[in-house]
Amino acid sequence: MRPATADDCAAVEAMILARSAWLEERGMPTWRESAQDLAGQAENIDGSMWLLVEDATGRIVGCTTIQSQTPPWGWTEQELAEPADYLYSTVTDPSDRDRRPGTTIALWAVDRAARTGRAWVRRGCMFPALVRYYETQGFQLLHEVERTHNHVYLMARKAEELSLRIADATPVRKSPQHSTSAVDLGDYRNKF
């Protein structure tokens with residue numbers, strides 16, 4: 001994982017368009033109309049967009065944007081007072097699905113949050129299928145809210161330092177506390 005730069009915009013947009021085509025083939029909503037704007041997040045000077053990149057080729061496999069402030073809607077005052085990273089705009093290249101890049105990004109974010117003094121990693125989504133997918137990564141559904149024209153599911157996972165290697169297709173095993181610290185997901189330095 002590395003911070004995105006303005007030089008990454010075109011490659012990030014191409015990846016987003018590839019994911020959009022994959023989603024469209026399955027009759028799902030896509031980012032096609034906002035691909036350029038979403039890719040433009042790579043130009044943020046604060047480095048809030050992060051990229052999952054193959055070490056050997058430099059190819060961008062996925063992206064996520066991290067915000068250090070949880071959006072104020074849908075969370076309790078107590079939750080908003082807790083230090084948390086908020087993930088949004090996570091997109092991965094569909095040709096790498098077997099290597100589970102979305103899980104790689106999520107687990108990296110959980111580890112990064114703990115190492116930078118954050119208590120939580122939070123995210124939101126609008127589709128029940130994404131809720132189920134994020135639950136496999138240890139996130140728990142905490143709130144459901146209505147936002148303008150969308151029903152939004154708000155999820156969180158406790159930040160924790162993970163002793164793992166990321167990038168194999170091995171699924172995440174969940175304990176009752178959703179810890180993955182004992183999971184070996186392969187040697188990420190060999191692939192990402």
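The structure is a predicted model, in which local features need pLDDT of at least 70 and side-chain atom pairs count only at pLDDT 80 or more, while totals for chains, interfaces and linings use all residues. Residues are numbered from 1 along each chain as its sequence is written, and side-chain values use heavy atoms, with hydrogens and water left out.

The side chain of R2 meets that of D8 in a salt bridge of 2.9 Å, N to O, a salt bridge being a side-chain nitrogen of Lys or Arg within 4 Å of a carboxyl oxygen of Asp or Glu. D8 itself is buried, at a relative accessible area of 8%. By this rule, 14 salt bridges are counted. Another of them joins the side chains of R59 and D93 at 3.1 Å, N to O; because R59 lies in the loop between strand 2 and strand 3 and D93 in the loop between strand 4 and helix 4, this pair ties together parts that are 34 residues apart in sequence. Helices (H or I, at least four residues) and strands (E, at least two) are here DSSP runs, numbered from the N terminus. R59 and D93 also belong to a network of salt bridges that links them with E54, D96 and R99.

Helix 4 comprises 15 residues (101-115), and its end C-alpha atoms are 21 Å apart, in agreement with the 21 Å that it should span at 1.5 Å a residue; the expected span is 1.5 Å times one less than the number of residues. This helix is mostly covered, with 12 of its 15 residues buried, among them W108 and D111. The cover includes strand 4 (84-92), strand 5 (120-125) and helix 5 (128-135), and just after helix 4, G117 takes a positive phi of about 85°.

Within strand 4 lies D85, which counts as buried at 4% relative accessibility. The side chains of D85 and R112 are joined by a polar contact of 3.2 Å, that is, a pair of N or O atoms within 3.5 Å of which, within protein, one must be able to donate a hydrogen and the other to accept it, residues adjacent in sequence counting only if both atoms are side-chain atoms. Contacts of D85, defined by heavy atoms within 4.5 Å, include R122 when residues up to four places away in sequence are not counted.

How values were computed. Buried means under 20% relative accessible area, exposed over 50%, partly exposed in between (1.4 Å probe, protein chains only).
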